[in-house]
Amino acid sequence: MSDDLAARLAACTLALVDIASESGDEASILAEIRRLMPPDRFSVVDDAEGVLLYLPSRRRPDAPLLLLAGHVDTVPAAGNVPGRLERDVVLGRGACDMKGALAVMLEVASWGDVLDASDLDVGLVCFGREELPITESVLQPLLARRPELGDAALAIVMEPTANALEVGCMGNLNVTVRSTGRAAHTARPWLGENAVHTAIRALAPLVDLPTRDVEVDGLVFREVVSVTRIEGGGARNVIPDRVEAHLNVRYAPTHTPPEAEARLRELLGATTLELEIVGNAPPGPVPAGNPLLGRLRDAGDLALGPKQAWTPVAEFATAGIDAVNFGPGDPKYAHRDDERVEVAALVRTTDILRAFLTGSGTSAEDA
């Protein structure tokens, strides 16, 4: 491990952590990224609200375009901003998800000789509001107004994967269900209609629903349905006339958003529940035939697995861009109050990207 590289990555990650950037409030961190980007090598192609797109100032006509993508926003801080460095670990909000990855992206952007020698052109996509519902996405509008990005050979979304290579992603369906009844005194419940009882009966098929495994190109995605919130009732001696529950459905890349909604309705069966689709983020496909996937895997002898979550690879896919998940953060620390990233993990990600860009392999022992 290069001591200079480790020190640079740790310092940059910590500096980015110290810039509070909760979703919707990303102006300060985007300004810092603008300041740190090398002006002679990259040009700002798009600088709309909440997003920065950098492409090489001199595009080579025969060089495939690789996009490194990372979101700059975080979930709300919990006493963990500013951050701190302890025993080669950067702690603080966003260290794992995903300011450590942003530090790696900025390091790659500084590689003059490597970028000149690579057969790939490299662009950077930095965007906010990723932690919000997909209806508030700033990445989708960017991809819509920049159709030329559809020619990109691959996008590496640097979500936390603990330096594993995770492909595809789950669709994410959020639904609110409501049950209505008629209030009455609990001494005479037959005079009312208990909305809670109705909801319990309607939701019962979901309680014991087994996980459904779906295989895609040899990778297993696990489809699950969960009741995540339920509210209803009022006074202790009143039959409740209304209850509301929230359902979360994660579905495999083999299904479309309408198919996921249809399956949920099928699982609920004939019911008087009112269903409201709150959000339905599509899944991301597995780019099995992309030659750069194997090259990235070989660059670090990377483990390959499915992404059992939703990530922006799905948004790139809707624009016709193959995308994968690969980043230094360990997902088990994402969004936690003790969020962290190991400096050694930052260095390993950087070494793998160097090997990938130069077309040379590395290994866990070399990194």
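**Reading the sheet and the core**

Analyst: Happy to! Five strands form an open sheet here in the order E11-E12-E14-E9-E15, with antiparallel pairing. Strands (E, at least two residues) and helices (H or I, at least four) are DSSP runs numbered from the N terminus, and two strands pair if DSSP finds at least two bridges between them. This is a predicted model, where local features need pLDDT of at least 70, side-chain atom pairs count only at pLDDT 80 or more, and totals for chains, interfaces and linings use all residues. Residues are numbered from 1 along each chain as its sequence is written, and side-chain values use heavy atoms, leaving out hydrogens and water.

User: Which strands stand at the edges?

Analyst: E11 (212-216) and E15 (274-281) do; each has a single partner strand, so one side of each lacks a neighbour in the sheet. E15 pairs with E9 (residues 171-180) over seven bridges, and Leu-275 in E15 is the bridge partner of Val-177.

User: Which residues touch the most other members of the largest nonpolar core?

Analyst: A nonpolar core is a set of buried Ala, Val, Leu, Ile, Met, Phe, Trp, Tyr and Cys residues joined through side-chain atoms within 4.5 Å; buried means under 20% relative accessible area (1.4 Å probe, protein chains only). In this core of 64 residues, they are Ile-156, Phe-356 and Leu-357. Helix H3 (residues 95-109) gives the largest share, 10 residues. A second, separate core has 25 residues, including Val-125 and Leu-139.

Terms used
Buried means under 20% relative accessible area, exposed over 50%, partly exposed in between (1.4 Å probe, protein chains only).
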